[in-house]
Amino acid sequence: MGLLKPLGGEVTVHMKAPVEDVWALVSDVTRIGEFSPETFEAEWTHGATGPVAGARFRGHVKRNGVGPVYWTPCTVTKAEPNEVFEFAVGLDKNPLNTWGYRMRPDGGGTSVTEYFRLTPAWFMRGYWLVLGRLRGKTNERGMRTTLERMKAVVEA
């Protein structure tokens, strides 16, 4: 039964800002250090300069906000302006997980959903079965923190 549970999670926050402003913020990976409790900086690599499918960047991560600290390669998998920004984390052909943001106009603002999904490989399913509940809660707290910090900026 545990192996059939979704390998991921999501959090939604409403922002009193136009979807175009929210898109510009969530798709600018160079600003993630302002918002994320784990990723304190990111930079475009391999000649990429912005959010298009196939663009590559790397994130500098402090796992759980305490360590270890490492760089991780990322590849943009979806970049649909004002709708979705998504990227895979890990090596090109073997990503470990996917993170993203979905946006939709809502009540004079924008509803933004940050989500993550683990790659459904056997070892990731095993990890999720053992540590998924704990890691899922940690990720959901981190996503809520990230979105609330973004909200404060985009609504200012």
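**Exercise 1.** In this predicted model, which element has the lowest mean pLDDT, and which the highest?

*Solution.* Compare the mean pLDDT of the elements. Helix α2, residues 122–155, comes lowest at 86. Helix α1, residues 19–26, comes highest at 97. Then turn to the whole protein, where the mean pLDDT is 90 and 96% of the residues reach 70 or more.

**Exercise 2.** Find asparagine 97 and decide whether the residue is buried or exposed.

*Solution.* Start with the element: asparagine 97 belongs to strand β6, which covers residues 94–106. Next take the relative accessible area of asparagine 97, which is 14%. Buried means under 20%, so asparagine 97 is buried.

**Exercise 3.** List what asparagine 97 is in contact with, leaving aside neighbours within four places in sequence, and then name the partner of its side chain in a polar contact.

*Solution.* With those neighbours left aside, the contacts of asparagine 97 are Phe87, Ala88, Val89, Arg117, Leu118 and Thr119. For the polar contact, look at the side chain: that of asparagine 97 pairs with the side chain of tryptophan 99 at 3.3 Å.

**Exercise 4.** Describe the largest pocket: its volume, the residues closest to its centre, and the element that gives the most to its lining.

*Solution.* The volume of the largest pocket is about 800 Å³. Its lining has 42 residues, and the closest to the centre are Glu38, Thr39, Val61, Val89 and Trp99. Sorted by class, the lining holds 24 nonpolar, twelve polar and six charged residues. Several elements each supply at least two lining residues, among them α1, β2 (39–45) and β6. The most comes from α2, with ten residues.

Technical notes:
Residues are numbered from 1 along each chain as its sequence is written. This is a predicted model: local features need pLDDT of at least 70, side-chain atom pairs count only at pLDDT 80 or more; totals for chains, interfaces and linings use all residues. Side-chain values use heavy atoms; hydrogens and water are left out. Helices (H or I, at least four residues) and strands (E, at least two) are DSSP runs, numbered from the N terminus. Buried means under 20% relative accessible area, exposed over 50%, partly exposed in between (1.4 Å probe, protein chains only). A polar contact is a pair of N or O atoms within 3.5 Å; within protein, one must be able to donate a hydrogen and the other to accept it, and residues adjacent in sequence count only if both atoms are side-chain atoms. Contact means heavy atoms within 4.5 Å. pLDDT is the predictor's confidence in each residue, from 0 to 100. On a 1 Å grid over the protein atoms alone, a cavity is a set of points where a 1.4 Å probe fits but cannot get out, and a pocket is an open set with protein on both sides within 12 Å along at least five of seven lines; lining residues have an atom within 4 Å of a point. Grid points are joined across faces, edges and corners, and a volume is the space filled by probe spheres set on the points. Ala, Val, Leu, Ile, Met, Phe, Trp, Tyr, Cys and Pro count as nonpolar, Asp, Glu, Lys and Arg as charged, and the others, Gly among them, as polar.
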